[in-house]
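Hi everyone, thanks for making time this morning. I'd like to walk you through one model, so let's get it up on the screen.

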Amino acid sequence: MKKDEIKALDPRNIDNSVKLGNDFYHYAVGNWLKNNPIPEEYSSWGSFNILAEENLHRLRGIMEKAEKGKGGHIAEIVGDFYFTGMNEEKIEADGIKPLKPEFEKINKIKDRTDLVKAIAHLHRTAAGPLFGIYIGADPANSDINIAQLGQGGLNLPDRDYYLKTDKETRKIKEAYIKHVQNIFRLIGETKPAAERSAAAVLKIETELAKISRSKVELRDPRKNYNPMSLKKLTGLSGKFNWALYFRDLGLKSPGKLNVGQPAFFKGISRLLDKFSLFEWQAYLRFCLVNGNAGYLSSDFVEENFNFYGKTLNGAQKLMPRWKRAVSTVSGNLDQAVGKLYVKEYFPPEAKRRAVLMVENIRAAFGERIRRLDWMGEKTKKQAQKKLAAMAFKIGYPDKWKDYSKLALKRDSYILNAIRAGQFEFQRDLKKVGKPVDRTEWWMSPQTVNASYDPSKNDMTFPAGILQPPFFSPA
């Protein structure tokens with residue numbers, strides 16, 4: 001069967017040995033499940049994964065071509081990044097050395113002022129300790145970008161891993177403590193020193209978990225919108241020098257801020273004096289290394305996979321280096337890779353066909369709204385207005401991201417990751433107080449997914465998912 005002949009609904013997937021009325025799911029896809037066991041590299045498997053896997057092979061070909069150094073600046077930065085990701089000999093020889101300057105900065109922390117400056121430095125370069133910051137549309141005025149602060153600082157997926165006491169949670173927590181100790185051993189600490197450092201990390205993260213909102217509480221958008229000025233934030237969380245933080249971040253006048261979880265930031269102020277400098281330094285070192293382990297030598301990569309891949313997510317086998325490198329470059333240089341991807345795999349005709357399809361769906365949906373018997377005329381009018389205003393981002397952006405000021409080298413994989421991260425962070429900071437660009441894409445063109453953004457009332461269908469079996473221009 002040719003690729004364009006792949007059927008979205010394929011009768012060969014049906015298991016006729018199962019009665020439809022007894023178990024519709026296994027009747028509908030039973031044969032597919034039998035013929036598609038979950039690969040060891042994955043924790044789940046489905047049509048999205050299959051297309052994403054195919055895309056990895058496509059992207060590999062694009063990056064290997066770019067690695068040869070032809071095709072202008074976009075191909076050059078993609079090729080340089082991929083080259084360092086595949087230069088296993090250099091990565092193994094470097095070990096932890098590329099992060100030594102960052103360790104030195106952490107080791108020089110002498111007081112609370114230095115601690116705040118170190119956190120700002122890590123936020124704009126290589127890690128996300130203590131809390132999160134991002135730039136996005138003001139929830140109360142979606143035309144303007146503002147800086148937004150949110151709870152964070154945990155290296156487990158959720159606060160409940162630190163607070164629950166059931167058997168499964170205790171088992172994961174014990175594995176996590178061992179993982180933290182192993183990371184410190186790999187950095188070069190003795191076993192007793194690694195145990196002390198790991199204990200410090202767990203103490204700080206447990207306290208952060210205690211002041212964090214639950215997943216259920218985070219679902220309420222109104223409770224997560226708390227606009228305030230820098231002065232009000234300083235009054236709320238006074239022991240953390242917010243003026244210094246924003247200055248070192250590169251945002252001297254942050255203007256209106258959205259502080260997602262005020263109680264969390266009030267708690268941060270209390271925690272600053274609760275832990276010693278040694279404990280804070282251990283925590284920052286761990287956040288730095290743990291968050292970047294995938295770019296380091298194989299001992300760090302394997303330790304990271306053993307905990308996050310196996311223990312937490314159930315994967316049995318580490319993906320080969322090329323897949324990890326392709327994913328990293330694609331994630332860090334989203335539109336640079338995307339521009340090369342659509343040139344090969346999503347021509348203008350495919351975009352025109354997808355746009356036509358989406359507009360037909362919009363028209364059909366509008367007709368359904370008009371025929372609804374349970375919706376009043378006033379509500380229908382507003383629904384039609386919203387439907388007409390809905391924007392669709394199909395395939396790839398009309399205006400591509402400018403990478404002309406991003407310089408990458410063939411010296412270090414992790415340093416290229418940091419450079420790319422800094423570039424994106426600085427790019428975002430420049431948006432503060434500026435109008436929201438409604439044409440901007442948050443997903444890469446090569447992504448196998450789609451999204452709806454309620455703040456912009458737009459839908460994004462990247463070229464990556466506009467491929468068989470989900471879509472075919474033919």
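Before I go on, a word on what you are looking at. This is a predicted model, in which local features need pLDDT of at least 70 and side-chain atom pairs count only at pLDDT 80 or more, while totals for chains, interfaces and linings use all residues. Residues are numbered from 1 along each chain as its sequence is written, and side-chain values use heavy atoms, with hydrogens and water left out.

Helices and strands here are DSSP runs, numbered from the N terminus: H or I with at least four residues for helices, E with at least two for strands. Two strands pair if DSSP finds at least two bridges between them.

Now, back to that pair. Strand β2 covers residues 141-151 and runs antiparallel to β1, with eight bridges joining the two. A hairpin of two residues connects β1 to β2. How many of the eight residues of β1 are buried? Six of them are, so to speak, under cover in strand β1, residues 131-138; buried means under 20% relative accessible area, exposed over 50% and partly exposed in between, with a 1.4 Å probe and protein chains only.

Leu 149 has a bridge partner in β4 too, namely Val 259. Strand β4, residues 257-259, runs parallel to β2, and three bridges join them. The whole open sheet has four strands in the order β1-β2-β4-β3, with mixed pairing. Because β1 and β3 (227-228) each have a single partner strand, they stand at the edges, with one side left without a neighbour in the sheet. Helix α11, residues 242-249, lies across β1, β2 and β4 and runs at about 75 degrees to β1. Axes are lines fitted to C-alpha atoms, for helices over the stretch in contact, and angles run from 0 to 180 degrees between N-to-C directions.

On to the other sheet. It is open, with three strands in the order β5-β7-β6 and mixed pairing. Its edge strands are β5 (391-395) and β6 (451-453), each pairing on one side only. From one strand to the next, the twist averages 15 degrees. Strands β6 and β7 (residues 458-462) run antiparallel and share three bridges, and Tyr 452 has Met 459 as its bridge partner in β7.

Next, a helix pair. The axes of α6 (residues 112-125) and α13 (residues 277-292) come within 12 Å and cross at roughly 5 degrees. That makes the two helices roughly parallel, a label for angles under 35 degrees; over 145 is roughly antiparallel, 65 to 115 roughly perpendicular, and the rest oblique. Leu 115, Ala 118, Ile 119 and Leu 122 of α6 make the contact with Trp 280, Leu 284 and Leu 288 of α13, contact meaning heavy atoms within 4.5 Å.

Glu 41 sits in the loop between α1 (24-35) and α2 (47-67). Is Glu 41 buried or exposed? It is buried, at a relative accessible area of 18%. Beyond its neighbours within four places in sequence, Glu 41 contacts residues including Leu 318, Met 319 and Pro 320.

Gln 181, in helix α8 (residues 167-187), also counts as buried, at 18% relative accessibility.
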